[in-house]
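This briefing covers aromatic contacts and helix packing. Please view the structure first.

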Amino acid sequence: RREKWYFKKGEVIYKEGQTPKGLICLNQGNVKLVKKALKGQEFIHRLHKPVNYLGFDDLMAQTKFSSTAIALTDVAICIIKKANLYQIINNNSTLSLNIIKDLALKSIQDKERILNLTQTQLIARIAFAINELINFYGFKPDNKTIAITLKRKEIGAIANIDTSNVIRLISRLKKEKIIATNKRELIILDKTRLIGLIPNLHQ
């Protein structure tokens, strides 16, 4: 089957359970990695933007994909074949050390995410998810509007909260003048107060 290099918003790049054929390089666009919870609810456990790699952990562990990659925007990728990648790693000790460092950092970040997303207080979870979007995508030129638009359902999938609670919590943050919204855009009015809602955040 001929490899596909371009994906429209909403298209699946690879599915959980498929076997990686190589290292997928994200050259353009934004991608979410999702897993399905027991009740079929979507959980976004990682976001990617250029220039980055998809399925890296699974490829290095020589396992099947542990999640599904879906395009958040129009996406362009390329693939480094598995054999070629392993040959490069075997011949380059510096690259090998950088890979180990990258995997270790991701492990630390994942532990912090789990800690913050198991908070009993839903407001802490939604604040953490919004702060993740700020750190990951940054702001538009106004330095207030987060440079990504997501459905409330997708924000809930990051925060591990159902959509109805996301709507309620965003409304609360708006009333408290911490954020504002413009359709799907999130506008940060008081980042200090937003971060103050996250008890286990390590900056």
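Tyr53 is partly exposed, because its relative accessibility is 36% (buried means under 20% relative accessible area, exposed over 50%, partly exposed in between, with a 1.4 Å probe and protein chains only). Phe56, at 7%, is buried. The model is predicted: local features need pLDDT of at least 70, side-chain atom pairs count only at pLDDT 80 or more, and totals for chains, interfaces and linings use all residues. Residues are numbered from 1 along each chain as its sequence is written, and side-chain values use heavy atoms, with hydrogens and water left out.

**Aromatic rings**
- The whole structure holds three aromatic pairs (rings of Phe, Tyr and Trp, the last by its six-membered ring, with centres within 6.5 Å; planes under 30 degrees apart are stacked, over 60 edge-to-face, the rest tilted).
- Tyr14 and Phe65 are stacked, 3.6 Å centre to centre with 15 degrees between the planes.
- Tyr14 is in strand E2 and Phe65 in the loop between helix H1 and strand E7, so this pair ties together parts 51 residues apart in sequence.
- Tyr14 and Phe65 are both buried.
- Tyr53 and Phe56 form a tilted pair, at 6.4 Å and 35 degrees.

**Helix packing**
- Helices H4 (residues 122–137) and H5 (residues 152–159) pack at about 105 degrees, their axes 9 Å apart (helices are DSSP runs of H or I, at least four residues; strands are E, at least two).
- H4 is therefore roughly perpendicular to H5 (65 to 115 degrees).
- The H4–H5 contact comprises six nonpolar, no polar and two charged residues.

Notes:
Axes fitted to C-alpha atoms, helices over the stretch in contact; angles between N-to-C directions. Parallel < 35°, antiparallel > 145°, perpendicular 65-115°, else oblique. Nonpolar A, V, L, I, M, F, W, Y, C, P; charged D, E, K, R; others polar.
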